[in-house]
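Please look at the sequence and the structure below before reading on.

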Amino acid sequence: MHADGGAAPSSGDSTTDPSSPYFIEAAHPYAAAAASALTSHRSKSKWSHLSSLPLPDPLPASAVSAVLLLLRRRPHVALSFHSFALRRLLPARSPPPLILSASAAHVAAASRLRRAAISVLSSATCHYSPSQIFNALAATYRRFASAPFVFDLLLLAYLRSRRDPLAATSIARRLLAAGACPLPATAAALFRSLPSAESALEMYHQIYTLPGTRTSRALQPTAQTFNSLLLAFYRQGKCEDFSIALDEMDRYSCKHNVGTYNIRMAAYCDGRAIDKARGLWDEMVQGGIQPDVTTYNTMIAGYCGAGEVGMAEEMFKDMEIGGIQPSVTTFEWLVRGHCRTGNVDAAMLVCADLRRRGFAMAAEVVEEVVDTLCQKSRVEEGLGILRAEMRREDFTPSRGSYEALIRGFCEQGEVEVAMRLQAEMAGKGFKAGAEVYHAFVRAYEKTEDFEMVERLRKEMSVIGIEEEIGLACMQ
């Protein structure tokens with residue numbers, strides 16, 4: 001395991017004890033015959049020969065696992081046999097035997113077949129508890145001469161397939177109790193998955209700073225580790241606690257990288273402190289760290305949020321001159337920035353550039369464009385934008401887009417068009433709210449259709465929508 005001196009050895013080898021759940025019966029006749037068939041025959045005939053071998057009834061999992069043990073130096077063959085065993089040798093619709101999953105994970109991990117190991121362990125997490133899988137891996141670890149990071153892969157299996165940070169945390173604590181330590185990248189992934197900054201910081205201290213924690217230089221925290229802590233603070237809105245992670249970073253003489261600056265700049269941009277964000281940008285560049293697409297997007301978002309769209313456009317030009325390919329996020333922020341400053345024509349030009357490069361806007365960005373066009377009395381253009389986006393199979397219009405269009409058409413006296421849009425909106429699962437009702441009430445009052453006004457007001461009363469103050473005073 002990952003530690004100076006490793007984990008304490010267990011007394012005896014449970015894989016050689018027939019009464020143990022981790023027993024691996026290497027001397028079983030089927031194990032020897034199957035391993036021989038898979039190593040002595042040509043690739044085209046070995047699987048048919050394997051299928052012809054007589055099977056004992058029942059075939060114990062200890063014998064099936066023994067085949068993996070005998071084939072461990074031929075990991076691809078061993079893992080193919082694992083798949084064969086699950087399909088052909090074991091009872092259908094039953095969970096894979098824990099000993100077999102542990103054996104396959106060890107074979108894959110020892111050969112650095114990371115994806116295969118995570119796949120096997122992810123399947124096991126559907127049927128067994130974290131402690132059961134950890135104990136099985138620990139009991140069979142030495143017999144397979146496994147790689148230490150098999151335990152990291154178990155932790156990652158819980159994070160990726162099950163999205164269960166609590167189970168992953170329990171695995172990390174078991175590793176620490178055994179005198180081991182997760183790899184820095186694994187620890188960083190764990191910190192990012194935890195539900196709060198406090199739990200991430202607590203886990204950090206358990207791994208790296210508590211008395212008795214011993215890690216080799218290769219297992220010490222990296223910039224990725226500290227960036228994960230910064231991200232945890234950022235997500236929870238506790239940017240004032242950045243100093244905790246930055247002080248630890250200095251304690252380990254760990255240099256800031258582009259990710260460190262990106263998170264810190266994002267915090268300043270969110271707080272409209274764009275000058276401080278720019279100061280970090282200058283510090284980063286002067287230190288020889290090149291900005292990446294996230295850095296540019298962060299600053300462009302910050303300038304757009306502060307209403308400085310001209311500076312955002314300058315950043316975009318610098319980005320392209322520097323050879324950094326913009327992402328869809330780059331264009332979406334420029335669209336939003338122009339919409340929020342009322343420059344809808346510039347927003348439309350950016351939209352055209354976005355489409356030309358093969359990108360597609362998110363529904364909330366389309367909503368901003370449509371709403372801005374409607375505010376400029378360009379309702380037909382807004383409807384055209386929405387219809388163009390709806391041709392995409394993966395696009396679902398937002399409630400806000402429909403509400404903006406209904407309000408716009410009602411203001412222009414085109415109530416029938418607004419009614420068709422409201423029916424379409426209902427078909428998408430959006431019930432009419434106060435925005436829609438008030439738009440129709442104002443439209444019918446303009447045409448002096450007081451019968452419809454009264455009908456709508458009764459509906460509003462039934463569903464609990466209050467009248468607009470201005471309209472109520474006109475009664």
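This is a predicted model: local features need pLDDT of at least 70, side-chain atom pairs count only at pLDDT 80 or more; totals for chains, interfaces and linings use all residues.

Residues are numbered from 1 along each chain as its sequence is written, and side-chain values use heavy atoms, with hydrogens and water left out.

**Helices H21 and H22**

- Helices here are DSSP runs of H or I with at least four residues, numbered from the N terminus.
- The axes of H21 (residues 379-390) and H22 (residues 399-411) come within 9 Å of each other and cross at roughly 150 degrees, where axes are lines fitted to C-alpha atoms over the stretch in contact, and angles run from 0 to 180 degrees between N-to-C directions.
- That angle makes H21 roughly antiparallel to H22, a term that applies to angles over 145 degrees, whereas those under 35 count as roughly parallel.
- On the H21 side, Val379, Glu380, Gly382, Leu383, Leu386 and Met390 meet Ser401, Tyr402, Leu405, Gly408 and Phe409 of H22, with contact meaning heavy atoms within 4.5 Å.
- The residues of this contact between H21 and H22 divide into seven nonpolar, three polar and one charged; Ala, Val, Leu, Ile, Met, Phe, Trp, Tyr, Cys and Pro count as nonpolar, Asp, Glu, Lys and Arg as charged, and the others, Gly among them, as polar.

**Helices H18 and H20**

- H18 (328-340) packs with H20 (residues 363-375) at an angle of about 25 degrees, and their axes are 10 Å apart.
- That makes H18 roughly parallel to H20.
- From H18, Glu332, Val335, Arg336, Cys339 and Arg340 make the contact with Glu364, Val365, Glu368, Val369 and Thr372 of H20.
- The residues of the contact of H18 with H20 comprise four nonpolar, one polar and five charged.

**Helix H10**

- Seven of the 10 residues of H10 (residues 184-193) are buried, so H10 is largely enclosed by the rest of the structure; buried means under 20% relative accessible area, with a 1.4 Å probe and protein chains only.
- The buried residues of H10 include Pro184, Thr186 and Phe191, and the buried residues pack against H8 (150-162), H9 (165-177), H11 (197-208) and H12 (223-235).

**Serine 327**

- Serine 327 lies in the loop between H17 (309-321) and H18.
- The side chains of serine 327 and asparagine 297 are joined by a polar contact of 3.0 Å, which is a pair of N or O atoms within 3.5 Å, where within protein one must be able to donate a hydrogen and the other to accept it, and residues adjacent in sequence count only if both atoms are side-chain atoms.
- Leaving aside residues up to four places away in sequence, serine 327 touches Val293, Asn297 and Phe359.

Terms used
Helices (H or I, at least four residues) and strands (E, at least two) are DSSP runs, numbered from the N terminus. Angles under 35 degrees count as roughly parallel, over 145 as roughly antiparallel, 65 to 115 as roughly perpendicular and the rest as oblique. Buried means under 20% relative accessible area, exposed over 50%, partly exposed in between (1.4 Å probe, protein chains only).
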